[in-house]
Amino acid sequence: MSAKFETRDIVVPGDLLFEGRARAGDNTYRNEGNIYATRVGLANYNKDRVSVIALEAGFIPLVGDLVIGMVTDIELGQWKVDIGAENEAILTTNDAIGKPFRSYQDMTKILDVGDTIVAKIVDLDRRRTPILSIMGRDLGKARDGFLIDITPSKIPRLIGKKGSMINMILKETRCQVTIGQNGKILISGRNRENEELVVKTIKKIEAEAHTSGLTNRIQEYLKDIKEQRK
Amino acid sequence: MSKSKTKAKTKTKRKSRKKKFERVDGRKADELRPVKIETGVIPNADGSAYIEMGRNKIIAGVYGPREMHPKRLSKPHRGVLRVRYHMAPFSVDPRRSPAPSRRDTEIGMVMTDALEPALFLERYPRSVIDVYVEIIQADGGTRCASVNAAAVALVDAGIPMKDLVASCAAGKMEDHIVLDLGDYEDKKGQADVPVAYMPKLEEVTLLQMDGILTTDETVEAVELAIEGCKQVYEVQREALKKKYGMDEEDTAEDAEESEESGEEPAESEEEDK
């Protein structure tokens, strides 16, 4: 019955986190009554729960997630969309235009292979394939902007406490930023300069995600660049 | 010649040579070649690692879990691990054909078997995890070095693992059991025993032998190789931690912040196993 690390220590897979009775939380597994880490991350001990906050993790689709993906294939009445999950997501005509598929419809006129879409995961079917929908506000085909990729596990860091980080960036640069839970980020602003600034800032956040006082540091970083421009 | 006589003869032989025995590169019998590992070297891969083990230079990239093509090879209830081992034409002298050889296919399979026990493949039905290993420069023991790089690259890709896999060979050279054979020792030596080992679970995942060893020598070689694996494991750990600057105080508040942001796409892994 003892913890083997301090909270916030960096652990790697296979590290023994806890001996004895406790609940195995995220990124851990239980073997012979002990709890071990499965991912590289920060150890986290709560009352009766041992978990690891992952520093590297893939995207695990959950219902309700906002994602950005690319159409990879067209089938009869549905599109295949790559959202960076282990399985390709499916978008049916019902979820795209609100009408069932008719054979006289030209599906490429609605969405074509190569299009980038902002979508919501509405369901996971019994084979865990994500079902998407683009019916709704701010969903649908992305027309322009920068598309960048970061590690999905660092998305919460980019959003910050109650959106503090992302709101600060939006205020400083006046860009529109759509954050997909799958680590894809769409940035569109009034001019290219500002868009590039956001890209640079987000890359900086990704590199320094595990350090503290990041929001303040990013704010100063943005201000510095703005002053240099003047 | 009777059995006891041969034994006596080799014993005296060994004793007389013990004083003179020296390895080609001046290492001690139980000394590893210098190992250096770096993570995140391929920006477009999900995870990657670069290893220098002596004069071996190897790069490993991990992609996935992703949809498997051709689809008929995927499994409905579990994921598949695919390892491609490939030697660059310039990695050895004389130049080697870049086409995959029988040896490449075999080592790819052996590496798959060595890495698979550390993964939770049952969590990825119908998917594949691809590992690509490219030998840039070869100097003996590439399969062990490749396993080391691939294990670190898998962790870097954020794939959940039971343990790291460390690998190292032992062998017999001039009647001495030695650790981590280089290219010359590999070719001139009497035997070569590559071992892959999960240090925290204390499980051997790869054991091969090329050459002739007595029972006692085999045990000695495997034990020595496992000691070597443990040393490699420490380097792997350091490499993984190095990416995050290892500033203990800095890491503290960040974690809290990311937790409270609510939107965390956390994966709830199995509660009880």
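Leaving aside neighbours within four places in sequence, which residues is A:Ile205 in contact with? Keep that one in mind for a moment. A word on the source: this is a predicted model.

Now the answer. A:Ile205 contacts A:Arg157, A:Leu158, A:Leu214 and A:Ile218, once neighbours up to four places away are set aside. The residue sits in helix α5 of chain A, residues 192-207. Is A:Ile205 buried or exposed? It has 22 C-beta neighbours inside 10 Å, and the cut-off for buried is 20 or more, so A:Ile205 counts as buried. A:Lys154 is 51 residues from A:Ile205 in sequence, yet their C-alpha atoms are 8.7 Å apart.

Let me step back to chain A as a whole. It has 230 residues, and 40% of them are buried. Its secondary structure is six helices and 17 strands. The C-alpha trace spans about 65 × 55 × 25 Å along the principal axes.

Next, a helix pair in chain A. Two packed helices are described by the angle between their axes and the distance between the axes. Here the pair is α4(A), residues 164-173, and α6(A), residues 214-229. The angle is about 10°, and the axes are 10 Å apart. That angle makes α4(A) roughly parallel to α6(A). Which residues make the contact? From α4(A), they are A:Ser164, A:Met165, A:Met168 and A:Glu172. From α6(A), they are A:Thr215, A:Ile218, A:Gln219 and A:Leu222. By class, this contact has four nonpolar, three polar and one charged residues. Look at A:Ile218 once more. It is in this helix contact, and it is also one of the residues that A:Ile205 touches.

Now the other end of chain A. A:Ala22 lies in the loop between β3 (16-19) and β4 (23-24). It is a loop residue, and it is buried, with 22 other C-beta atoms within 10 Å. What does A:Ala22 touch, not counting residues up to four places away in sequence? The residues are A:Ile35, A:Asp48, A:Arg49 and A:Val50. Take A:Arg49. It is 27 residues from A:Ala22 along the chain, and the two C-alpha atoms are separated by 5.7 Å.

On to chain B. It holds six helices and ten strands. Of its 273 residues, 43% count as buried. Among contacts in chain B with a separation of 6 or more, residues 24 or more positions apart account for 71%.

One helix deserves a stop: α3(B), residues 142-156. At 1.5 Å a residue, its 15 residues should span 21 Å. The end C-alpha atoms are 21 Å apart, so the expectation and the model agree.

Last topic: backbone geometry in the loops of chain B. Most residues other than glycine have a negative phi, and most peptide bonds are trans. Where are the exceptions?

Start with the cis bonds. The peptide bond from B:His69 to B:Pro70 is cis, with omega near -5°. B:Pro70 is in the loop between β3 (56-67) and β4 (80-87). The bond from B:Asp93 to B:Pro94 is also cis, with omega near 5°. B:Pro94 is in the loop between β4 and α2 (102-115).

Then the positive phi values. B:Asp175 is not a glycine, yet its phi is about 65°. It lies in the loop between β6 (166-173) and β7 (176-179). B:Asp175 is partly exposed, with 14 other C-beta atoms within 10 Å. B:Glu202 has a positive phi near 55°, and it is not a glycine either. It lies in the loop between β8 (191-198) and β9 (203-207). B:Glu202 is exposed, with 9 other C-beta atoms within 10 Å.

Notes: Residues are numbered from 1 along each chain as its sequence is written. Chains are lettered from A and ligands numbered from 1 in the order in which they are written. This is a predicted model: local features need pLDDT of at least 70, side-chain atom pairs count only at pLDDT 80 or more; totals for chains, interfaces and linings use all residues. Helices (H or I, at least four residues) and strands (E, at least two) are DSSP runs, numbered from the N terminus. The expected span of a helix is 1.5 Å times one less than its number of residues. Axes are lines fitted to C-alpha atoms, for helices over the stretch in contact, and angles run from 0 to 180 degrees between N-to-C directions. Angles under 35 degrees count as roughly parallel, over 145 as roughly antiparallel, 65 to 115 as roughly perpendicular and the rest as oblique. Two residues are in contact if their C-beta atoms, placed from the backbone, lie within 7 Å. Ala, Val, Leu, Ile, Met, Phe, Trp, Tyr, Cys and Pro count as nonpolar, Asp, Glu, Lys and Arg as charged, and the others, Gly among them, as polar. A residue is buried if 20 or more other C-beta atoms lie within 10 Å of its own, exposed if 12 or fewer, and partly exposed in between; C-beta atoms are placed from the backbone.
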